[in-house]
Amino acid sequence: MPCYVCNPFCGRCRPQGEMPASLKGRYMVRERKKKPMDYRLCAAESTELQRTYEVDLTAEETKRLVDEIYAFLAMQAGVEYLADQSAEALAGRFGDDLGKRVASCLANQCADKIIAAEGLAAALEPVVRDSSEIGEGASFSCKVLIHVKPELELSSYEPVSLPIPAFTVSPEMVERNVRAIVEDRARYVDDESAACVSPSVKAVISLRTEKCGMEVQPLTFESIVYQMGSGILPQQIDDALAGMEPGETKKFSFTVTSKNFLGLDVEEEMDSTLSVLRIVKKETPELTDAWVKGNVPGAHDVEGFYELVRGNLSVRARADYDRLKDEAASAALAERLPELELPDLYYDYARAGLLQNVSAALARKGMSEEEFYLAQGVTSSQFMIQMSARAREVLRQGLALDALARHEGFEVGEADLDRAARAISPRDHAGARKMLEMNGRTYQLREMALRQKARAVLSERAVVQGVEAPVA
């Protein structure tokens, strides 16, 4: 007879049949819930701006998360992923670093979950300490340090007043842009009246400049229309160019003085080869209905050309104006923060983010940092000072937006997170979200989404107190 009393679920005692109705109330079948991540605050190692947590994951939960990380790494590396041979498939690509990489991802995911569960306002990327190794069938433990932002209150939450002009597209703006388009269609022809280069003429020149045998890209080009005194090129090149005739080539050296990282003046020797190809003058077309019809797509006469420019200018100028207004509103809001001095780590982190954006932009343009400094007319030390000042302002603006979001009780949903991800990667916002999730950085996406909402409300409520003037 089945031993229902001993164990109503015992397969040995009850190989067949169902539990009697009289016993079903005593033995309720409940779905087994997964044990949540176990973490605890280390009070002795925590301060107002720092939280240290110890984390423990069961072997079952560790395996599940590690398998997800393996699949993600395989997708990134283009490695064929096999569920039962994930580590083996990735070992050839990542080598001995695979275990450390997976453990780092896992620890950062744990920190990300703690930030969400505790509602922490993380200021920096979490610091992982004492992470255990990833092993077959093993549990996982780590200690994470989370730097948090101070929760500050603004002196006022009234709409900000902005001393900027109201948005308008004036007839002067339209006229200026029409003329610029016509000028852009102008062509250069040989100037027979000029025999040599002077400040009053334009010349087609080629220039190659080297420093220690390496090409200086901002001062090297095959052919460019140039006018002496424009300030685009160093004065030494203008001096060499004066009086040169078409077909003439001149080789010379000049010295540029800049400051090194110690703030001391250093001299850099440049070697240039300058050639005058032609002396030219510009022929600007006459603005007529016939010219518009043959040269401006979408317009058939002069009046239609003006309307087309006005419409395009409204869209473009509106976007530029909105960016200006957003920046001005955030700066005005930051002035309502109390004076505070955070640990240097916070400012260094903000500056590192700005420098990373600059490096990415330079990489897209194929420009080195030295070439960028030369083009900007600054030394590396001067540029770093500028970035430090900008980092402090960016940090204050972010804290001010956070304060406004708390005051308004803003929350973020899936649509807000999706919008923030699109701002990061318009072409693959889903991939951007997955990347942040696997690296334990979804708190950054939530922060971005929250600040987007705060900035939108701030700008919408802002009172523009300027006279109407054209937007440059």
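The briefing below covers these topics in turn.

This is a predicted model, in which local features need pLDDT of at least 70 and side-chain atom pairs count only at pLDDT 80 or more, while totals for chains, interfaces and linings use all residues. Residues are numbered from 1 along each chain as its sequence is written, and side-chain values use heavy atoms, with hydrogens and water left out.

- Strands β2 (residues 50–57) and β4 (residues 140–147) run antiparallel and are joined by 8 bridges; Val55 has Cys142 of β4 as its bridge partner.

**Helix α12**
- In helix α12 (residues 414–424), a DSSP run of H or I with at least four residues, Asp416, Leu417, Ala420 and Ala421 are buried (under 20% relative accessible area, 1.4 Å probe, protein chains only; exposed is over 50%, partly exposed in between).
- These residues lie on the same side of α12 because they cover an arc of only 135° around the axis, taken from the directions from the helix axis to the C-beta atoms.
- Glu414 and Ala415 are exposed on the other side of α12.
- The buried residues of α12 pack against α13 (429–438) and α14 (442–461), contact being heavy atoms within 4.5 Å.

**Lining of the largest cavity**
- Helix α14 contributes the largest share of this lining, 3 residues.

Definitions and conventions. Pairing = 2+ DSSP bridges. Helix = DSSP H or I, 4+ residues; strand = E, 2+ residues; numbered from the N terminus.
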